[in-house]
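Here are my notes from going through this model. Have the sequence and the 3D view open while you read.

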Amino acid sequence: MNKLLFIANWKSNKTASEAVDWLKAFDKLRENVNLENKEVILCPSYLGLPFCFSYIKENNLPIKLGVQDVSAFRQGAYSGEVSARQVKEFAMYTIIGHSERRKYNHETDDELKNKILVAKQGGLNTIYCVQDKNTFIPEDADFVAYEPVFAIGTGTPDTPKSIENTFSEISKKTGKTNLIYGGSIDFTNIKHYTRIPLLSGFLIGSASLDPNTFINILQAC
Ligand code: PGA
């Protein structure tokens, strides 16, 4: 059986030293959790990434790294962009098309399709966010994360039934079966969601920021 993914999306939170403090706390608390059937994927800021990478390596932590976005350009004269090749030194995954990037950075379907291609060519596993069952999904996306906007950071997750229906529509339309849910998941509600057919994991924002809360989520599953 595949491991369930627990993807912590820290967004623009935490300095590099706060990120390492989180890892230290996680390291102390992890003996209370059975991680055999779980894959923890931490997505810090680009600046925190190398520090997290070193700490995880030195302390042999069972955590993989990801980023929250990646450039649509391969490499070269693209000031301010971070390429998949640069990310690959430290991380295995990238989130692409989060609704916050669509909203605040005006990312379009075409640009996101390109990001998926470039990320895959750069050797990253892609987690493509969609906001509903009608959102365009590039063929090459490895994982599809259903994240309804009304559920993000609001404390009101979608219902298991509605997620199941959306997963089923997405899978019918695209043949994809690696499906993730995100939006207001925490340790009090996650248990209601773990049995949804086709569920491969969770994308967790606010509730991943505190190591105790995040460990509680892992413990609840
Ligand atoms: P949330 O965020 O868990 O704070 O709702 C999820 C996300 O934006 O990926």
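1. First, the ground rules. This is a predicted model, where local features need pLDDT of at least 70 and side-chain atom pairs count only at pLDDT 80 or more, while totals for chains, interfaces and linings use all residues. Residues are numbered from 1 along each chain as its sequence is written, and side-chain values use heavy atoms, with hydrogens and water left out.

2. On the fold: the protein has seven helices and eight strands (DSSP runs numbered from the N terminus, with H or I over at least four residues for helices and E over at least two for strands). Its radius of gyration is 16 Å, close to the 17 Å from the globule rule for 221 residues, so the protein is as compact as a globular protein of that length. That radius is taken over C-alpha atoms, and the rule is 2.2 Å times the number of residues to the power 0.38. The C-alpha trace spans about 45 × 45 × 30 Å along its principal axes.

3. Of the contacts with a separation of 6 or more, 66% are between residues 24 or more positions apart; a contact means heavy atoms within 4.5 Å.

4. Now the ligand. Which residues come nearest to it? Among the 13 around it, they are Lys11, His98, Glu147, Gly153 and Ser206, where "around" means a heavy atom within 4 Å. The shell divides into four nonpolar, seven polar and two charged residues (nonpolar being Ala, Val, Leu, Ile, Met, Phe, Trp, Tyr, Cys and Pro, charged being Asp, Glu, Lys and Arg, and polar the others, Gly among them).

5. Look at the ligand's oxygen atoms. A polar side-chain atom of Ser206 sits 2.5 Å from one; for Lys11 the distance to a ligand oxygen is 2.7 Å, and for Glu147 it is 2.7 Å. The ligand alone exposes 280 Å², and the protein buries 99% of that (Shrake-Rupley areas, 1.4 Å probe).

6. Finally, Gln131. You'll find Gln131 in the loop between strand S5 (125-130) and strand S6 (143-146). Is Gln131 buried or exposed? Gln131 is buried, at 15% relative accessible area. Leaving out residues up to four places away in sequence, Gln131 touches several residues, including His98 and Glu147.

Notes:
A polar contact is a pair of N or O atoms within 3.5 Å; within protein, one must be able to donate a hydrogen and the other to accept it, and residues adjacent in sequence count only if both atoms are side-chain atoms. Buried means under 20% relative accessible area, exposed over 50%, partly exposed in between (1.4 Å probe, protein chains only).
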